Amino acid sequence: MAGWDGKPEGRLGLVLSGGGARGAFQVGVYERLLEDPRFARGPAVLSGTSAGAINAALIAAGRSPEELWRFWRRLAEDPPAVANARFFESLVRELLRLGVVEPLGWWRVRERLVAFLRHARRHVALRLGSLLALWAEYLVTARFDLASHLLERIREAHLADTTRLRARLVEAFGGEQVPLRGRALAVNAVDAHTGAIVRYVAGGAGTVKDLSRQPDYVLVDAITVDMVLASASIPLLFPAVPVGGRLLWDGGLLVNTPLAPVVDLGADEIVTILVTPRPRARGDAPFANLGEAIERTVDGFLENAYNVDRKLLLARNRLASLEPHYRTVTLFEAVRPGDERCFRAGSYVYFAPEVLAEMRAAGRRAAAAWLAEGPRVDHLEPPPPARTIVHIPLPPRRRDALQPV
């Protein structure tokens with residue numbers, strides 16, 4: 001049987017990026033791809049981070065697209081993450097203490113009162129938010145040490161508890177370990193103390209023997225629920241997870257789209273499913289609101305992580321023509337969402353059932369369009385842009401500007 005590019009069929013690698021609730025998009029993509037004869041054989045190698053690690057583990061365990069969707073739908077109908085009451089109790093207690101203790105201290109240290117009044121002159125206008133803006137400005141510029149004290153007094157380091165999510169994963173996998181069904185799986189996390197990438201790899205007999213020499217790979221007999229949970233533990237939102245003498249959390253910090261493991265595990269073709277829409281050309285248009293600014297910040301961070309991996313794969317493919325130790329790997333253009341309403345700001349953590357259903361449907365549409373276009377091989381090198389000279393107007397010269405000597 002021939003592969004998608006007409007060559008003899010090789011090992012197919014599937015890479016699933018992180019993206020919180022947007023992981024439902026990947027379910028729709030996977031479901032549609034399996035309906036195509038060119039993808040019906042399914043992936044032999046999988047690599048995922050965060051929500052992508054959960055989906056990759058479910059696929060590696062032989063779960064059907066309908067079973068994947070059932071898992072995500074249940075996340076929406078019965079959210080397993082529980083807000084950490086002790087965190088909020090500690091936060092409120094310390095904020096109240098700060099609001100009382102700090103003004104009382106002004107009578108002993110008059111400089112603090114003077115600093116507060118100096119900032120207050122800038123917020124004399126009575127408008128909503130003025131008092132909050134005044135306090136924020138005062139704390140950041142004059143008493144930033146209080147912010148440090150506040151953070152140090154909050155003993156809880158996460159906003160939500162994931163005990164129920166862990167139980168949900170155990171139920172989905174039928175135990176504490178992920179049954180791989182003959183597939184190779186890589187789950188990617190980050191050491192919370194050192195910042196080092198940690199890649200847990202299992203399965204794929206005969207393909208992992210050389211990985212033990214690479215410091216970021218940990219070869220294990222089985223991927224455990226805790227490894228998957230660690231990869232999806234968003235810093236500060238969820239608690240870091242202890243695994244094998246390490247404290248781990250979300251791999252999306254450094255390797256949100258982990259291409260390297262599927263290459264190292266012997267994939268000849270790679271399909272990547274991203275959850276970020278293609279960036280829109282907006283020129284110098286300002287952001288319409290805070291939500292758009294946050295969305296572009298997160299999307300830009302994830303896009304950059306993927307492009308770094310793409311460039312590394314390009315360099316590797318170039319070496320393949322010079323060094324027999326390397327082989328050329330076909331990377332297809334990533335499957336990604338279109339510019340759809342359900343991927344607006346906040347959708348990374350928006351687990352409403354109707355929104356996840358929209359994302360799943362968007363995944364099917366994106367995969368159908370991707371298949372209809374080829375799928376096209378990503379040559380990694382976009383055509384060079386036309387060389388243009390941009391003239392940036394200088395501001396008008398002030399009359400009182402310093403003259404050169």
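Searching the whole structure turns up 23 salt bridges, where a salt bridge is a side-chain nitrogen of Lys or Arg within 4 Å of a carboxyl oxygen of Asp or Glu. What we have here is a predicted model, so local features need pLDDT of at least 70 and side-chain atom pairs count only at pLDDT 80 or more, while totals for chains, interfaces and linings use all residues. Residues are numbered from 1 along each chain as its sequence is written, and side-chain values use heavy atoms, with hydrogens and water left out.

First, the overall picture. The protein chain has twelve helices and eleven strands; these are DSSP runs numbered from the N terminus (helices: H or I, at least four residues; strands: E, at least two). Of its 405 residues, 45% are buried, with buried meaning under 20% relative accessible area, exposed over 50%, and partly exposed in between (1.4 Å probe, protein chains only). Among contacts with a separation of 6 or more, 75% are between residues 24 or more positions apart; a contact means heavy atoms within 4.5 Å. The chain's accessible surface is about 21900 Å², and carbon and sulfur atoms hold 60% of that (Shrake-Rupley method with a 1.4 Å probe; for residues, only the protein chains shown count as cover).

Now back to the salt bridges. Here are three of them.

| Glu-31 | Arg-364 | 3.4 Å |

Take Glu-31 and Arg-364, which form a salt bridge. Glu-31 sits in helix α1 and Arg-364 in helix α12 (residues 353-372), so this pair ties together parts 333 residues apart in sequence. Glu-31 is buried at a relative accessible area of 14%, whereas Arg-364 is partly exposed at 28%. Glu-269 belongs to strand β10 (residues 269-273) and Arg-41 to the loop between α1 and β2 (45-49), so parts 228 residues apart in sequence are tied together. Glu-269 is buried at 3% relative accessibility, and Arg-41 is partly exposed at 26%. Asp-191 is buried at 7%, and Arg-246 is partly exposed at 29%. Shared partners also link Glu-31, Glu-35, Glu-66, Arg-360 and Arg-364 into one salt-bridge network.

Glu-31 has another partner worth a look: its side chain makes a polar contact with that of Arg-360 at 2.9 Å. A polar contact is a pair of N or O atoms within 3.5 Å; within protein, one must be able to donate a hydrogen and the other to accept it, and residues adjacent in sequence count only if both atoms are side-chain atoms. Leaving aside residues up to four places away in sequence, Glu-31 touches Pro-65, Arg-360 and Arg-364.

Elsewhere, helix α4 (residues 85-105) has 21 residues and reaches 30 Å from its first C-alpha to its last, close to the 30 Å expected at 1.5 Å a residue (1.5 Å times one less than its number of residues). Its buried residues include Phe-87, Leu-98 and Gly-105, and the buried residues of α4 pack against α5 (110-120), α6 (130-141) and α7 (144-153). At the start of α4, a side-chain oxygen of Asn-84 comes to within 3.2 Å of the backbone nitrogen of Arg-86.
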